Amino acid sequence: MTAQIPDFFEYRGERFDIAESTERDLFDPRKHGIKPGWPGTHCWSGYYCGFALESGRLVLRDLFAGDPGEEGPLPEFHGVRPLAADGGVLDEVGFLVYRNVNFPLDFSGGLIVAKDFVEGMMGMGFPFCYEYGVVIELV
């Protein structure tokens, strides 16, 4: 399996990968009528997400959804239309982006977030916690 793009979390002004979560899928766009296309082997799910805390609550900040091509277009979600990452064409890995969605999630579990990936450690799939230089558990 190809190395996968992990979800990420904005924490104290920095971007951290989500290495672990007490819930398998923090957000599944298909449950909200969004059917992403398949951008390639780097993202088997067809999407990845950016999360943040707003007023003490976990929110979906950004959603990166694979271009559905002829199956599209992707619908508006929570008042936000998907756009190409550069405003005109798809980004280099085939995603359309819902920016600043700020969709509140019903989540009360824990996250392990990480940054500073140690080069040369990456295997296939998602990286493990020990493959990062900085690891923080948020409960």
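**Rings, pockets and cysteines**

Reply: Ten aromatic pairs are present in the structure, which is a predicted model.

Me: Why is the charged end of arginine 15 said to sit over the ring of phenylalanine 8?

Reply: The limit on distance is 6 Å from the ring centre for CZ of Arg, and the atom must also be within 35 degrees of the ring normal. The charged end of arginine 15 is 3.6 Å from the centre of the phenylalanine 8 ring and is listed as sitting over that ring. The distance is therefore inside the limit.

Me: How do you know how many disulfides there are?

Reply: A search of the whole structure finds zero disulfides. Cysteine 43 is in none, and its nearest cysteine sulfur belongs to cysteine 49, 9.2 Å away. Cysteine 49 is likewise in no disulfide, with the sulfur of cysteine 43 as its nearest, at 9.2 Å.

Me: What share of the residues of the protein count as buried?

Reply: Of its 139 residues, 44% count as buried.

Me: Where are arginine 12 and aspartate 116 found, and what accessibility class does each get?

Reply: Arginine 12 is in the loop between β1 (8–11) and β2. Its relative accessible area is 71%, and exposed means over 50%, so arginine 12 is exposed. Aspartate 116 is in strand β8, residues 111–117. Its value is 48%, which falls between 20% and 50%, so aspartate 116 is partly exposed.

Me: Which accessibility classes do proline 68, glycine 40 and glycine 72 get, and why?

Reply: Proline 68 lies in the loop between β4 (57–66) and β5 (83–84). It has 12% relative accessibility, under the 20% limit, so proline 68 counts as buried. Glycine 40, in the loop between β2 and β3, has a relative accessible area of 10% and is therefore buried too. Glycine 72 lies in the loop between β4 and β5. Its 27% is between the two limits, so glycine 72 is partly exposed.

Me: How far apart in sequence and in space are proline 68 and tryptophan 38, and what of the two glycines?

Reply: Proline 68 and tryptophan 38 are 30 residues apart in sequence, with 7.1 Å between their C-alpha atoms. Glycine 40 and glycine 94 are 54 residues apart in sequence and 8.0 Å apart in space, C-alpha to C-alpha.

Me: What does the secondary structure come to?

Reply: It comes to zero helices and nine strands. Along the sequence, the pattern is β-β-β-β-β-β-β-β-β.

Me: What lines the largest pocket, and how is that lining classed?

Reply: The largest pocket holds about 650 Å³ of space. It is lined by 22 residues, with Pro6, Asp7, Arg24, Asp25 and Phe126 nearest its centre. The lining has 14 nonpolar, three polar and five charged residues. Pro and Phe count as nonpolar, and Asp and Arg as charged. Strand β2 (14–21) and strand β3 (47–54) each supply at least two lining residues, and β2 gives the largest share, four residues.

Me: What makes the lining of the second largest pocket partly polar?

Reply: That pocket has a volume of about 180 Å³. Its lining has seven nonpolar, three polar and one charged residues. Among the lining residues are Gly56, Ser108 and Gly109.

Terms used. Residues are numbered from 1 along each chain as its sequence is written. This is a predicted model: local features need pLDDT of at least 70, side-chain atom pairs count only at pLDDT 80 or more; totals for chains, interfaces and linings use all residues. Side-chain values use heavy atoms; hydrogens and water are left out. On a 1 Å grid over the protein atoms alone, a cavity is a set of points where a 1.4 Å probe fits but cannot get out, and a pocket is an open set with protein on both sides within 12 Å along at least five of seven lines; lining residues have an atom within 4 Å of a point. Grid points are joined across faces, edges and corners, and a volume is the space filled by probe spheres set on the points. Rings of Phe, Tyr and Trp (its six-membered ring) pair if their centres lie within 6.5 Å; planes under 30 degrees apart count as stacked, over 60 as edge-to-face and the rest as tilted. A disulfide is a pair of cysteine sulfur atoms within 2.5 Å. Buried means under 20% relative accessible area, exposed over 50%, partly exposed in between (1.4 Å probe, protein chains only).
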